[in-house]
Amino acid sequence: MTSMDKLYESVAANGPVCVGLDTEIGYLPATDAAKTAGENVVDFNRALIDATKGVAGCYKVQIAYYESLGLDGMRAYAETLKLARATGLPVIADIKRGDIAKTAEMYAKAHFTGDFEADLITLAPYMGLDSISPYLPYCAEQGKGVFVLCRTSNPGAKDFEYKKLDDGRHIYDLVGDSLTELGKDYMGEHGYSSVGLVIGGTHTEEATAIRNAYKNTFFLIPGYGAQGGKAADIARYMNAGNGGVVNSSRGILLAYKKQPGVAFDEAAYNECVRMREDIQGECSKLLG
């Protein structure tokens with residue numbers, strides 16, 4: 001069974017919420033002065049994971065927040081990955097690597113084995129398909145998975161991704177088409193490739209066309225909540241309520257700020273449940 005199969009089954013069981021552990025030290029409601037910044041972050045993450053593991057489809061750990069704390073932060077990153085993977089839920093390392101040849105091989109080894117091992121990772125395809133291919137042996141041999149940037153949620157997506165080619169397609173269409181073709185050799189039991197796409201949920205005009213074009217591709221969908229994505233729009237990127245996970249980082253990590261008197265971990269749980277019901281409700285409407 002591939003990591004994408006496990007993700008499919010997790011969404012079916014727990015819902016599509018991807019808890020983004022993009023934990024900045026300033027997000028913590030309190031810290032222990034006797035501990036390092038990294039240790040405080042791990043304590044916060046541990047409580048959050050324990051609180052949400054029954055209502056999350058997966059976890060995503062954005063490496064930059066940990067790199068910013070130096071060696072202390074990278075220890076926290078490794079420990080956070082272990083804590084999240086110990087739940088049995090799929091874990092995405094949001095690393096957005098995009099290099100080629102031996103360098104890409106080393107990135108693959110670093111993030112699919114050893115201290116920083118994750119089930120799935122994010123990649124950037126700007127340098128071409130040979131920036132993706134070094135990761136594919138891990139998909140074939142260990143069932144790992146990748147989510148490749150395709151049509152993202154940020155305003156700058158318009159700068160490159162929406163530019164038109166001579167054949168009328170957008171650049172994001174070219175990326176999606178190329179990666180879907182590449183992914184056909186890495187199909188899982190549930191009909192999804194180990195090569196997934198990052199499809200932002202903030203630009204919704206093309207939602208139906210994108211979902212129909214890539215029916216056998218799992219989507220990592222950022223943009224919900226803080227970036228402005230609404231559940232009614234996000235639901236269009238799902239495939240009958242599955243086929244995608246919807247990330248929320250600040251919305252969950254900082255949920256306690258909108259729930260006065262509620263502990264941060266309980267508030268995170270409440271927000272996961274609310275988000276899950278919001279998205280699943282809109283998916284049900286589309287199914288009629």
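Predicted model: local features only at pLDDT ≥ 70, side-chain atom pairs only at ≥ 80, totals over all residues.
Student: What volume does the largest pocket have?

Tutor: A pocket is an open set of points on a 1 Å grid over the protein atoms alone, where a 1.4 Å probe fits, with protein on both sides within 12 Å along at least five of seven lines. Grid points are joined across faces, edges and corners, and a volume is the space filled by probe spheres set on the points. For the largest pocket the volume is about 960 Å³.

Student: Which residues lining the largest pocket are the closest to its centre?

Tutor: Lining residues have an atom within 4 Å of a point. The largest pocket has 40 of them. The closest to its centre are K96, L149, T152, N154 and E161.

Student: Which element gives the largest share of the lining of the largest pocket?

Tutor: Helices (H or I, at least four residues) and strands (E, at least two) are DSSP runs, numbered from the N terminus. Elements that each supply at least two lining residues include β2 (58–62), β3 (91–97), β5 (145–151) and α8 (171–183). The largest share, six residues, comes from α8.

Student: How many residues in the lining of the largest pocket are charged?

Tutor: Asp, Glu, Lys and Arg count as charged; Ala, Val, Leu, Ile, Met, Phe, Trp, Tyr, Cys and Pro as nonpolar; the others, Gly among them, as polar. The lining holds 20 nonpolar and 14 polar residues. The charged ones number six.

Student: Which elements give two or more residues to the lining of the second largest pocket?

Tutor: This pocket has a volume of about 240 Å³. Its lining has 13 residues, with R250, G251, A255, K258 and E271 nearest the centre. The elements that give two or more are α11 and α12 (264–287).

Student: Is K96 buried, partly exposed or exposed?

Tutor: K96 sits in strand β3. Its phi is positive, about 50°, although it is not a glycine. Buried means under 20% relative accessible area, exposed over 50%, and partly exposed in between (1.4 Å probe, protein chains only). At 39% relative accessibility, K96 is therefore partly exposed.

Student: Is A240 buried or exposed?

Tutor: A240 is in the loop between α10 (231–234) and β8. Phi of A240 is near 55°, a positive value in a residue other than glycine. Its relative accessibility is 55%, so A240 counts as exposed.

Student: Which residues of strand β4 point the other way from L120 and T122?

Tutor: In a regular strand the side chains alternate between the two faces of the sheet. Strand β4 covers residues 120–123, and all are buried. L120 and T122 point one way; the other way point I121 and L123.

Student: Which residue is the bridge partner of R97 in β4?

Tutor: Two strands pair if DSSP finds at least two bridges between them. β3 and β4 run parallel and are joined by three bridges. With helix α5 (residues 101–112) they make a right-handed β-α-β unit. Right-handed means that, with the strands pointing away from the viewer, the path from the first strand over the helix to the second runs clockwise. In β4, the partner of R97 is L123.

Student: Which residue in β5 does I121 stand opposite?

Tutor: β4 and β5 pair in the parallel sense over four bridges. Opposite I121 stands V146.

Student: How far apart in sequence are K60 and D94?

Tutor: A salt bridge is a side-chain nitrogen of Lys or Arg within 4 Å of a carboxyl oxygen of Asp or Glu. K60 and D94 meet in one, at 2.9 Å, N to O. K60 lies in strand β2 and D94 in strand β3, so the pair ties together parts whose separation is 34 residues.

How values were computed. Residues numbered from 1 in each chain as written. Heavy atoms only, no water.
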